[in-house]
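Here's a walk through one protein model, taken a piece at a time. Keep the 3D view open while you read.

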Amino acid sequence: MTQTAARAQGTEGVDEPSARPAAWPAVALAVVALGAYLTLSLARWFRWDTPSWDNAIFEQGIRGWSRPGWPIVDIKGHEFNQLGDHFSPIIALVAPFYRVFPSPVTLLVAQCVLVAISVVPVTVLARRRLGAVPGLALGAAYASSWGVQSAIDVQFHEYAFAAPILAFGLKAALEKRWTPACVWIGLLLLVKEDMGLTVAGFGAVLWLWGERRRAWQMVAIGLGGMALVLGVVIPLFNPHHRYDYWGKLGEDGGETAATAGSLLAGMWRIATHFFVPGQKITTLLLIVAISGLVALRSPLLLMIVPTMVWRYAGSTEFYWGPTWHYSLILMPIVFVAAIDGCERLRASRSRALRGYGRAAPAVMVLVSAALVPSFPFGDLADPKTYEVPEHAAAGQAALDSIPAGASVTTDLGLIVRLATEHRAYWVGTEGNPATDYVAIRTDYGWGADAPTDAAAYAELLYPGHTYETVFDDGGYLVARRTS
């Protein structure tokens, strides 16, 4: 058998029986990963850790879909339709579960399940192409990769849907099942508006693989779909009839309409600041390191380029580093590229490269293990992770002072706790109607500007209305409207 034929069959240098490895180890790994994800995510929740307002925003949107109805997100503005902010209709798939279990925890569980599902196709593919044990090792490295950990750590985000979609789609692509691969990857357009770039990136990979007709189709679908969403769909639902995030390309990172200046600023930043500041380089090095460098051998890695370009073109520093959820969509690409890269190395004429192709999955596991102390999974071994802080009791008492169904203006410290049973508004959104209650957590994000009088602060927010303080304890303030 020639090396070319062996490469085509995926058997060169692979120590595995002729029969395909069983799928159950991949499922078992996904179950173990799910346990770790749930432990981390729920521990954070019960510790009252609030990384951002995202969970509350998505909960309001999903609750709107569950009625059924429009995904109204009052946190972004009174009667604000989420489709005018980000195009993520796929989150409606969580709505039936939320209707049965209306809780922010439902979203956390959904995210953990979605990411755990993505472990299965990656691991199954790796075991079939690289061997049962090396493939399981690669799957474990993916399940514990830093991008996955960082996403699980910061509560629910729509990118959770991209993980299984990419995993199944890229698995089909490496198996040369082009139609299901294109269908899976096309579904990314329902996850978020920027995913059109990833779809187009897949088209570029297809071109390199010689699938020219499908390549042009995917590029057209990706870029055309993205243009339609940004130029028509989102402005249609947006109260200002625009896409609010063009301003992220500007120096101030604000929310403004698209201008030639902001677009040129983004292009200039790409040209002059692509590797500045240093955290951008750190992120790129981590992406390469988790694959043991072998992903560099696969054209699939090109799919991450559009995402990294828009992240680094922006002036928002959250986009640049390895934390938050932004790198979750890179992980399936990197690890499926690593599978392809290992196969290519194993088919090399160089004995050293063939040897490294066999050793690479073990290297990936070692790299993932070495990075654990620096990322959220490291906290799983810390007893403090499971301790409920003292302020939680006061926080719960503050919540109990607000009756279900009441409207409430609140801050980032309480917003994820109030979105389920109340009509919640954020204190920083302009144009909010005067709400029944105002509730804040003074030790979270306020600094020296923290209010000390709940009623006075509420009346400052809503002139012409009077409020009385009904709760003031443990850093939590609640005021009730009296007129």
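Where does lysine 176 sit? This is a predicted model, and in it lysine 176 lies in the loop between helix H8 (159-174) and H9. Its phi is near 60 degrees, a positive value in a residue other than glycine. Most residues other than glycine have a negative phi, and most peptide bonds are trans. Glutamate 79 is another residue with phi near 60 degrees, and its place is the loop between H3 and H4. Here are the two side by side.

| Residue | Phi | Relative accessibility | Class |
|---|---|---|---|
| Glutamate 79 | near 60 degrees | 45% | partly exposed |
| Lysine 176 | near 60 degrees | 57% | exposed |

A cis peptide bond joins arginine 67 to proline 68, with omega at about -5 degrees.

Now for a pair of helices. Helix H9 (residues 178-186) and helix H10 (residues 195-208) pack with their axes 10 Å apart, at an angle of about 155 degrees. Angles over 145 degrees count as roughly antiparallel, so that's what H9 and H10 are to each other. On the H9 side, the contact uses Trp178, Ala181, Cys182 and Ile185; these meet Val199, Phe202 and Leu206 of H10. Sorted by class, this contact has 7 nonpolar residues, no polar ones and no charged ones.

Further along there's a sheet. What is the order of its strands? The sheet is open, has 5 strands and runs S2-S1-S3-S5-S4, with mixed pairing. Strand S2 (423-426) and strand S4 (467-473) are the edge strands, each pairing on one side only. On average, neighbouring strands of the sheet are turned by 20 degrees against each other, direction ignored. Strands of a sheet pair through backbone hydrogen bonds, either parallel or antiparallel. Strand S1 (residues 407-410) and S2 run parallel, joined by 4 bridges.

Is valine 408 buried or exposed? Buried means under 20% relative accessible area, so valine 408, at 0%, is buried. Among the residues valine 408 touches are Ile402, Leu418, His422, Tyr437 and Val438. Arginine 44 is 364 residues away from valine 408 in sequence, and the two C-alpha atoms are 24 Å apart in space.

Helix H17 (residues 391-400) lies across strand S3 (437-441), S4 and strand S5 (476-481), and runs at about 5 degrees to S5. Helix H19 (residues 454-461) packs on the sheet too, touching S1, S3, S4 and S5, and its direction makes about 135 degrees with that of S4.

Which residues of H19 are buried? They include Ala454, Ala455, Tyr457 and Ala458. These cover an arc of only 165 degrees around the axis, so they sit on the same side of H19. An α-helix has 3.6 residues a turn, so residues three or four places apart point the same way. The buried residues of H19 pack against S3, S4 and S5.

Methods: Residues numbered from 1 in each chain as written. Predicted model: local features only at pLDDT ≥ 70, side-chain atom pairs only at ≥ 80, totals over all residues. Heavy atoms only, no water. Pairing = 2+ DSSP bridges. Helix = DSSP H or I, 4+ residues; strand = E, 2+ residues; numbered from the N terminus. Axes fitted to C-alpha atoms, helices over the stretch in contact; angles between N-to-C directions. Contact = heavy atoms within 4.5 Å. Parallel < 35°, antiparallel > 145°, perpendicular 65-115°, else oblique. Nonpolar A, V, L, I, M, F, W, Y, C, P; charged D, E, K, R; others polar. Buried < 20%, exposed > 50% of the residue type's maximum accessible area, 1.4 Å probe, protein only. Arc of directions from axis to C-beta.
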